Every structure is written in structure tokens, then in C-alpha cells.
Amino acid sequence: MLSVEELNDRLIDLAFAEDIGDGDHTTLCCIPKDAMGKSKLLIKEEGILAGVEIAKEVFRRFDPEMQVEVFLQDGAHVKPGDVAMVVTGRVQSLLQTERLMLNIMQRMSGIATMTHKYVERLEGTKTRVLDTRKTTPGMRMLEKAAVKIGGGMNHHALRLVYDEKVAVLINYVKRYIFRLGVIGYRFWNEDFHPVPRFQSRVFLRLFSVHRNAAFLGQHRGS
């Protein structure tokens, strides 16, 4: 199975292939190859910064000679006018990496900022903000990382496959459960794929209070 780093590398490579293909021809024909410059990431809206580490990897993967000076780390509370980082290198490289870096950081910072708002509202309670596996194709690792940066928790591990927890959505199986009046009806009979016998937690998503109470009452201590 691929690691998070390998998946991120694949995402970056695919994004460059989509965005610039064999090169940004406007940049290549207008900017001298040896022209050097600097760019800064200027914050324009208050929120939680996310994506700094992956942005550094975007620059490194495109042009290892680019130098990144970071002033604000992932998780920092930022406001308009703040400068998160300054990047020095070939102007051609700066222009060809700018869009991908911004797309990733804007998306991750938006997720982290929204997560943080919910976390703040829940402060003082025992409730935690968790994400789901319903993420944007190809961006699961980044979106889940953004949730953690914003103060939330990852409901499922940062993996591409579903191998650490088993989740059974009651919507799919309720006709086998509630119509029969039996909570926890044999999930591993001939109608269902066998649940592996390993040390894991099984999550049931229930959609009403009385069903929660019924399930907990019948399966307490099991």
C-alpha cells in the first residue's frame, strides 16, 4: 500500500501534468531562463493556515533549487496582511508553481478554518469534530490533514483503503434489522460480506434517538 508521502507525490505530479503539461509556454517564451526573483504568500482573509508543508514539497518537486523561508506554520491563526512565506528562485519556476501551491493551500486553509470554528463552538464539552471518508477524489490525505490542523480528528486513518475500522451504514441494512425488530442482526450471514475477525471497532450510524437507545440496551457489554 502506498504511503501518505507517495500519494501526495502522485497528486502533485498529476496536478502539474494537468496544469502546465510540457510547460507554461507564456512564461517560457517571455521570461529569461536565468531570471531570478522572489514571491511572497500574502494572507488576505482571517483564518487558520494550512498546507505549508505540502507547498514546500510542491516547490521542491518542481525545482529543488527553490528556497522557501517560512514565517507562519500550519495551524497558525492568520489575518489580512500577514506573510506566510517567501520563495526565492527562478522566475519561471515561481510562475509555474504558483497556481498549484495556491489551490492546495486555499483549499486546506478553508477546511482548517471551518473545522476550527466548529471546534471553538464545542469548547467545554466532550464532543469532538470528526471527518469522514467522503473526501474529494485524490485529495483525501490533504483534506484529512487540514481537519487535524483545524483542531478536528480523523475518523478513519490517513489511508486509501478502509482497513482499520468497519463502518456499517444503517441506511443500507435497516430492512434486515428494524423490520425484523432485531438490532444487530447477523451482519455476517449469507446476505452480507463476512466481517473479518480482527481487533477492530465496528461503527453503526443510527438516525434516531430511540434506535440508539435500543441498540445500546441490547448490546451493552458485548
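Biologist: Which residues of α5 are buried?
Modeller: The buried residues of α5 are R140, M141, L142, E143, K144, A146 and V147, where buried means under 20% relative accessible area, exposed over 50% and partly exposed in between, with a 1.4 Å probe and protein chains only. Helices are DSSP runs of H or I with at least four residues, numbered from the N terminus. This is a predicted model, in which local features need pLDDT of at least 70 and side-chain atom pairs count only at pLDDT 80 or more, while totals for chains, interfaces and linings use all residues. Residues are numbered from 1 along each chain as its sequence is written, and side-chain values use heavy atoms, with hydrogens and water left out.

Biologist: And what do those buried residues of α5 pack against?
Modeller: They pack against α1, α3 and α4, contact being heavy atoms within 4.5 Å.

Biologist: Which residues touch the most other members of the largest nonpolar core?
Modeller: L100, I104, M108 and L142 do, in a core of 16 residues; such a core is a set of buried Ala, Val, Leu, Ile, Met, Phe, Trp, Tyr and Cys residues joined through side-chain atoms within 4.5 Å. The elements giving two or more residues to this core are α1 (4–19), α3 (52–62), α4 (91–121) and α5 (140–149).

Biologist: What does L100 touch, beyond residues up to four places away in sequence?
Modeller: L100 touches I12, A15, F16 and V58. Apart from that core lies another one, of 15 residues, with I43, L49, A55 and V78 among them.

Biologist: Switching to rings, how many aromatic pairs are there?
Modeller: The count comes to one aromatic pair, by a rule that takes rings of Phe, Tyr and Trp (its six-membered ring) with centres within 6.5 Å, and calls planes under 30 degrees apart stacked, over 60 edge-to-face and the rest tilted. The rings of F16 and F62 have centres 5.1 Å apart and planes at 45°, so this pair is tilted. The pair links distant parts of the chain, since F16 is in helix α1 and F62 in helix α3, 46 residues apart.

Biologist: Is F16 buried or exposed?
Modeller: F16 counts as buried, at 9% relative accessibility, whereas F62 is partly exposed at 27%.

Biologist: Last topic: what does T113 contact, leaving aside its neighbours within four places?
Modeller: T113, which is found in helix α4, is in contact with G47 and I48. At 17% relative accessibility, T113 counts as buried.
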